[in-house]
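Visitor: I would like to learn how to read a structure of this kind, one feature at a time. Could you show me the model and then take me through it?

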Amino acid sequence: MAEESDLEKTEPASPRRLEQAREEGQVPQSRELSTFLVMMAGVAALWMLGQWVSSRIVALVKGGLSFERELAMNPELMVANLRDVLSEAVLTVAPVFAVLMVAAIAAPIMMGGLVFSPKALQFKFDRMDPLKGLERMFSVHGLAELVKALLKAILVGGVGAWAIWREKEHLLALMSQPLAASLNDFAQIVMFSALLVVSSLALLALLDVPFQLWQYHDKLKMTKEQVRQEHKESEGDPQLKARIRQAQREMARRRMMSEVPKADVVVTNPTHYAVALRYDAAKMGAPVVVAKGSDLVAQKIREIAAENNVPLLEAPPLARALYAHCEIEQSVPATLYTAVAEVMAYVYQLNQWLAGGGQAPEIPRALPVPADMDPGPGRA
């Protein structure tokens, strides 16, 4: 049962999956929204510019049908006149077409933004498979499109028929009116009917947009296995990352251990902690921690120090403070300068004694370690 649930698409699409879908040209689309916006823009443009457009078209028709004898006898002048008339006609309807173009572009932007995907233009043989075509026709999506088409036809047809029936007496009365007045009244009836039809398309768009968004995200749902695989690809395999971190820690430990023979002294707890210090007056402003560790690592540091004749100093408070407040290759904090200075002085005297004999230096016992720097035996 667990394996079956992992193969079911129950998880919402991840941001990466949505981005991949966009790259493939898959974005939510609503034909009803596009139709509504284009129709609404067209009706609004004609409502505002209709009188201006009609007057210019009438003027162009009159100018195109009336010409002088010289123009009729000269083909070059006729071609030039035709070119001028067509140019004026294009400029007349250009604002309306510009509004329609803006509305056509606005629909996909409102749904999911404009996307240009070369992958969507690639030729695919499976698109020509008749079996898959039939499967798409009789799928849930095909059934939904059929229902929408029937609803659109019924709704738009019903609204249009109601608008005509409502204005039937007005339409019959147009025959008894002068031509100019009847054309003006007819235009108003057409615009009113168009507004009613566009309003019905708005209802379809309000129903279709949520459905298209739901269907789009439902189609892109992922299985739990796909989510895990994507997480591995983006974040990396946790087991592999753990092995890498372990290898990095091992390399850092080996590099740290290689610095212990170069240390001047190793301060111990005596068994739980070990911190190796090195100081070069010509290059360093303060002693530097070159290695530190606890338990087994501390034991290894002590063993390497003993093998390389690096002095070991048992100073539990100082060892705990250095372990808690210093990182590798970091100078000791200023609050521990006095205690560390006594240690380095002891080491210097010890080396002098070992080299030339004389009286052995006294091992420092009560090093001045501030209480707030020592985490204590049970807290470090």
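Guide: What follows is a conversation about the sheet, the helices beside it, the aromatic pairs and some annotated segments.

Guide: This is a predicted model, in which local features need pLDDT of at least 70 and side-chain atom pairs count only at pLDDT 80 or more, whereas totals for chains, interfaces and linings use all residues. Residues are numbered from 1 along each chain as its sequence is written, and side-chain values use heavy atoms, with hydrogens and water left out.

Visitor: How many helices and strands does the secondary structure come to?

Guide: Helices (H or I, at least four residues) and strands (E, at least two) are DSSP runs, numbered from the N terminus. By that reading, the protein has 14 helices and seven strands. Buried residues make up 29% of its 380 residues, where buried means under 20% relative accessible area, exposed means over 50%, and partly exposed lies in between (1.4 Å probe, protein chains only).

Visitor: In what order do the strands of the open sheet lie?

Guide: Two strands pair if DSSP finds at least two bridges between them. Here, five strands make an open sheet in the order 6-3-4-5-7, and the pairing is mixed. Strand 6 (312-314) and strand 7 (330-331) are the edge strands, each pairing on one side only.

Visitor: Which strands run parallel and which antiparallel?

Guide: Strand 3 and strand 6 run parallel and are joined by three bridges, with Thr 268 opposite Glu 314 of strand 6. Strand 3 and strand 4 are antiparallel over four bridges, and a hairpin of four residues connects them; Val 266 has Ala 276 as its bridge partner in strand 4, while Val 265 has Leu 277. Strand 4 and strand 5 are also antiparallel, with six bridges between them, and the partner of Arg 278 in strand 5 is Val 288. Strand 5 (residues 288-294) pairs with strand 7 in the antiparallel sense over two bridges, where Val 288 stands opposite Ser 331.

Visitor: Which strands does helix 12 touch, and which does helix 13 lie across?

Guide: Contact means heavy atoms within 4.5 Å, and axes are lines fitted to C-alpha atoms, for helices over the stretch in contact, with angles from 0 to 180 degrees between N-to-C directions. Helix 12 (residues 296-307) packs on the sheet, touching strand 3 (265-268), strand 4 (273-278), strand 5 and strand 6, and its direction makes about 125° with that of strand 5. Helix 13 (residues 316-325) lies across strand 3, strand 4, strand 5, strand 6 and strand 7, at about 80° to strand 4. The buried residues of helix 13 are Leu 318, Ala 319, Arg 320, Ala 321 and Leu 322, and they pack against strand 3, strand 4 and helix 14 (337-356).

Visitor: How many aromatic pairs does a search of the whole structure find?

Guide: Rings of Phe, Tyr and Trp (its six-membered ring) pair if their centres lie within 6.5 Å; planes under 30 degrees apart count as stacked, over 60 as edge-to-face and the rest as tilted. The search finds two pairs. Phe 211 and Trp 214 have ring centres 6.1 Å apart and planes at 35°, so this pair is tilted. Because they are three residues apart in helix 9 (residues 179-219), about one helical turn separates them. Phe 211 is partly exposed at 26% relative accessibility, and Trp 214 is exposed at 53%.

Visitor: Where in the chain do the partners Tyr 273 and Tyr 323 lie?

Guide: Tyr 273 is in strand 4 and Tyr 323 is in helix 13, 50 residues apart, and the pair thus links distant parts of the chain. This pair is tilted as well, at 4.8 Å centre to centre and 45° between the planes. Tyr 273 is buried at 6% relative accessible area, whereas Tyr 323 is partly exposed at 24%.

Visitor: Which residues does the UniProt annotation "transmembrane region" cover?

Guide: UniProt positions are given in the numbering used here, feature names are shortened, and annotations may be inferred rather than shown by experiment. According to the unreviewed entry, the annotation covers residues 33-53, 93-117, 138-165 and 185-207. In the model, residues 33-53 are 100% helix and 0% strand, with end C-alpha atoms 27 Å apart; residues 185-207 are likewise 100% helix and 0% strand, with end C-alpha atoms 34 Å apart.
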